[in-house]
Amino acid sequence: MKGKQERKKRAAAITALLVLALALSGCGVFHKEEAAQEGGKVDERLRIQESGELTVVGFSQIGSESVWRTANTRSVERALSRENGYFLLSDNARQRQENQIKAIRSYISQRVDYIVFSPIMEEGWDTVLEEAKQAGIPVILMDRMADVDESLYTTWVGTDMTKEGENAARWLEDYLKRKGREEESVNIVILQGTPGSSSELGRTKGFEDVAAAHPNWNILDKRTGDFTTAKGKEVMQQFLRRYQDIDVVVSQNDDMTFGAIEAIEEAGMRTGAGGDIIMISFDAVKNALEMVQSGKIDVDIECNPEQGAYIDDVIGKLERGEKVEKAYVVEEKVFTRENVGEYLDSRSY
Ligand code: GYE
């Protein structure tokens, strides 16, 4: 992989280009102040790239749609800090794929050392990742996957979303059995995440694969709440209007769960232990774990957002010319009222 020497050579070429660009931008195209500010940032990056003292990483994050996402962004920022030897360029795509593609293109043109990004959905990345490959910039996928040829990325760090979906269904199997309800017919609705994202696809598939073995589990409906509280609430209201007898809500993240619980309570019902509707959630952020403890959420399938340290580790290996795996799967748990107590205090997000 790229060592400091090669980086320096590349930096010299970029300096020449940028001097030209800055000279052109000085020709009355930008306001003076903006140009000076931009110039300042560019100058700093250039100086860093030239000295080779820090590893320059371009990070494209999906957005800030959920508590999980914010924790994930922080984890990356913490791990790829200056003290750890990084110069981090970040972009928040506000849940739009075209913004992510734009950010990645800009990282390519800035000749960063690595691109780290979490693909909002699986499809649609071939062209831009081919461009990164042509430019010789290693791409590290984080959290969600891209449906592309393996040669278009160096490695992926994330969680096993299909297993998360399966774990949700296994918990339900077990729960119904314990309550002696395994023969009863059970009506289920699914609040899905962003359509076509790995988290939506995996969690839906994992759950449905297990559900297929239970002819008495009726999946009444599944619709997207886009991983947000507001949409989760809206979609839950639609479900409640349409279906009289919902037994189980499978909500593919905690933020949608918060919205769904509001909708259910406003309709005069209760979720969780002793309530009317069984509530299954994913992510396991602190607020949700508190609801597991108080009994409003029956089970929360953890998805671990602390992926920054893995990224730092992978980059370290690449910098030393060591081989990396094609995939790193982050470990996670399943939280119920029985075990949540021991984890709640240490939860930082
Ligand atoms: O569950 C959700 C977030 O891709 C695992 O994205 C991630 C999901 C997470 O917005 O809260």
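User: What should I keep in mind about the model and the numbering?
Analyst: The model is predicted, so local features need pLDDT of at least 70 and side-chain atom pairs count only at pLDDT 80 or more, while totals for chains, interfaces and linings use all residues. Residues are numbered from 1 along each chain as its sequence is written, and side-chain values use heavy atoms, with hydrogens and water left out.

User: Is threonine 194 buried or exposed?
Analyst: Threonine 194 is buried, at a relative accessible area of 5%, where buried means under 20%, exposed over 50% and partly exposed in between, with a 1.4 Å probe and protein chains only.

User: And what is threonine 194 in contact with?
Analyst: Leaving aside neighbours within four places in sequence, its contacts (heavy atoms within 4.5 Å) include Arg144, Asp226 and Phe227.

User: Where does methionine 121 lie?
Analyst: Methionine 121 is in the loop between β3 (114-117) and α5 (126-134), helices being DSSP runs of H or I with at least four residues and strands runs of E with at least two, numbered from the N terminus. Methionine 121 is partly exposed, with a relative accessible area of 26%, and its C-alpha atom is separated by 7.5 Å from that of arginine 144, 23 residues apart along the chain.

User: Switching topic, which residues of α10 are buried?
Analyst: In α10 (residues 286-294) they are Ala288, Leu289 and Val292. They lie on the same side of α10, because they cover an arc of only 100° around the axis, taken from the directions from the helix axis to the C-beta atoms.

User: What do they pack against?
Analyst: The buried residues of α10 pack against α9 (254-266), β10 (299-302), β12 (334-335) and α12 (341-344).
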